[in-house]
Amino acid sequence: MQHTVSTKTLVKASITATIVAAIALVTFILPAEYNIDPTGIGQKLGLTTLAQANESDVVVSTNNADTNTSGSQEFKTIEVVVPAGRGVEYKFAMQQYAKMTYEWLTDGEALYFDLHGEPEGDTTGYFESYTIATSNEMKGSFTAPFAGSHGWYWKNKSDKPIAVQLLVKGEYQVIGLKQ
Amino acid sequence: MPNSLIKLSLTLLLGALALISIDVFAHGVDDNTRAFLEQNQGVQFIPFLYIGAKHMITGYDHLLFLVGVIFFLYRSKEVLLYVTMFTIGHSTTLLFGVLSDIQVNAYLIDAVIGLSVVYKGFDNLGGFKRCFNWQPNTQWAVLIFGLFHGFGLATKLQEFHLPEEGLITNLIAFNIGVELGQFAALVFILIAINAWRKLPSFQRFSTVTNTALMSAGVMLMGYQLTGYIVN
């Protein structure tokens with residue numbers, strides 16, 4: 001049943017396949033996925049916004065460098081909005097045995113949350129959870145068992161965005177929202 | 001073959017593809033699944049079964065390869081043989097990769113999976129016979145590329161540090177889910193291709209289809225290799 005096409009057809013097919021793929025990659029896929037847009041067509045089509053949407057949260061948090069992002073003995077207030085049906089992570093860089101005291105509350109709705117830490121330089125995706133529950137507020141403190149990024153994963157299971165007001169004090173550097 | 005049946009199966013296939021395309025940009029693991037995997041404790045047989053099946057049905061890279069593999073197979077015995085080779089391949093590396101915690105770069109593995117699609121499209125055009133006067137054993141090729149597809153599945157699961165407790169059972173559930181998903185997808189693909197095979201357009205368009213397959217494979221490779229470079 002399988003047939004062998006002529007050399008001419010084969011060459012034509014291979015070249016066509018490569019050219020079509022290259023065009024699709026350069027004009028659609030790379031702009032939309034990675035914001036790499038050598039032709040500018042991706043931007044004209046509005047595709048680069050897809051990739052930028054992915055990056056923006058991270059950018060916002062690193063742009064906060066002008067405000068005070070390191071911890072102190074006074075409570076710092078941070079507002080995080082968890083979009084409907086989505087989960088977000090808000091993290092702090094902490095040294096080993098650094099302490100943090102925290103308080104957070106939502107505007108009423110309960111969120112599933114996981115307070116956890118990831119060791120510095122870890123690439124395996126390992127993390128250790130300190131508290132997992134569903135609640136609309138939480139108070140407490142913790143000592144980082146290892147150097148790395150520590151913070152909350154909040155999951156909004158409702159169909160409306162939920163704002164979280166987070167108060168923290170202690171020894172930390174804000175990393176901010178993570179995708 | 002009555003025309004209405006062909007139309008029906010093509011409609012079903014297009015419908016299935018439309019559903020798949022929603023997930024295309026988020027292939028990997030979606031937000032709900034991620035939340036589940038992060039909350040997961042202990043043995044969760046049915047949820048892992050479901051995640052496995054969903055991953056396969058929405059996994060366009062695996063599906064494209066399967067389309068290529070069974071494109072010219074029309075005896076059920078042959079289809080079964082090749083699909084079994086593929087299953088042995090990907091199950092081996094899925095179980096082995098996760099259990100022995102082998103870290104492979106997900107972008108590179110997915111690029112090889114893209115290459116497997118290019119390979120199969122080229123092979124279907126008779127490219128190896130034409131260029132080298134020799135065709136690599138197709139069963140071995142399916143088995144070997146199956147190994148890479150399994151590593152691809154393994155890397156997706158490893159992104160979440162799965163708890164040791166119940167890991168083997170969960171993993172087997174995921175694997176069975178992958179096979180169920182593959183079976184479900186194969187039913188659609190086979191119905192459509194077998195219906196199409198009876199039409200004169202099949203021969204005419206088989207070159208175009210396999211060229212498109214190669215092109216899709218090159219796109220996958222470009223997408224994943226760029227990801228590897230920028231990340």
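pLDDT is the predictor's confidence in each residue, on a scale from 0 to 100. The structure is a predicted model, in which local features need pLDDT of at least 70 and side-chain atom pairs count only at pLDDT 80 or more, while totals for chains, interfaces and linings use all residues. Residues are numbered from 1 along each chain as its sequence is written, and chains are lettered from A and ligands numbered from 1 in the order in which they are written.

**Exercise 1. Confidence**

Task: State in which helix of chain A confidence is lowest and in which it is highest, and do likewise for chain B.

Solution.
Step 1. Helices (H or I, at least four residues) and strands (E, at least two) are DSSP runs, numbered from the N terminus.
Step 2. Chain A has an average pLDDT of 82, and 88% of its residues score at least 70. Its lowest confidence is in helix α3(A), residues 48-62, with a mean of 57, and its highest is in helix α1(A), residues 7-34, at 91. Residues 56-66 of chain A have a pLDDT below 50, and this stretch has 11 contacts beyond near neighbours in sequence. Two residues are in contact if their C-beta atoms, placed from the backbone, lie within 7 Å.
Step 3. In chain B the mean pLDDT is 84, with 83% of residues at 70 or more. Helix α1(B), residues 3-24, has the lowest confidence, at a mean of 51, and helix α6(B), residues 106-124, the highest, at 95.
Step 4. For the complex, the predictor gives an ipTM of 0.72 and a pTM of 0.63.

**Exercise 2. The sheet of chain A**

Task: Give the strand order of the open sheet of four strands in chain A, and name the edge strands.

Solution.
Step 1. The order is β1-β8-β3-β6, and the pairing is antiparallel. Two strands pair if DSSP finds at least two bridges between them.
Step 2. β1 (76-82) and β6 (137-143) of chain A each pair on one side only, as edge strands.
Step 3. Within the sheet, β3(A), residues 99-106, and β8(A), residues 162-170, are joined over seven bridges. E103(A) is opposite L167(A) of β8(A).

**Exercise 3. Helix α5 of chain B and its neighbours**

Task: Describe how α5(B) packs with α9(B) and with α8(B).

Solution.
Step 1. Axes are lines fitted to C-alpha atoms, for helices over the stretch in contact, and angles run from 0 to 180 degrees between N-to-C directions.
Step 2. The axes of α5(B), residues 76-99, and α9(B), residues 167-197, come within 11 Å and cross at roughly 155 degrees. The two helices are therefore roughly antiparallel, a term for angles over 145 degrees.
Step 3. Residues in this contact include V79(B) and V83(B) of α5(B), and L171(B) and L186(B) of α9(B). By class, the contact has eight nonpolar, three polar and one charged residues. Ala, Val, Leu, Ile, Met, Phe, Trp, Tyr, Cys and Pro count as nonpolar, Asp, Glu, Lys and Arg as charged, and the others, Gly among them, as polar.
Step 4. α5(B) packs with α8(B), residues 138-158, at about 35 degrees, the axes being 6 Å apart. That contact has 15 nonpolar, 11 polar and no charged residues.

**Exercise 4. The two chains**

Task: Find which element of chain B gives the largest share of the side that touches chain A.

Solution.
Step 1. 26 residues of chain B are in contact with 31 residues of chain A.
Step 2. α2 (31-39), α7 (127-132) and α10 (201-230) of chain B give two or more residues to this side.
Step 3. α10(B) gives the largest share, 10 residues.

Key:
Angles under 35 degrees count as roughly parallel, over 145 as roughly antiparallel, 65 to 115 as roughly perpendicular and the rest as oblique.
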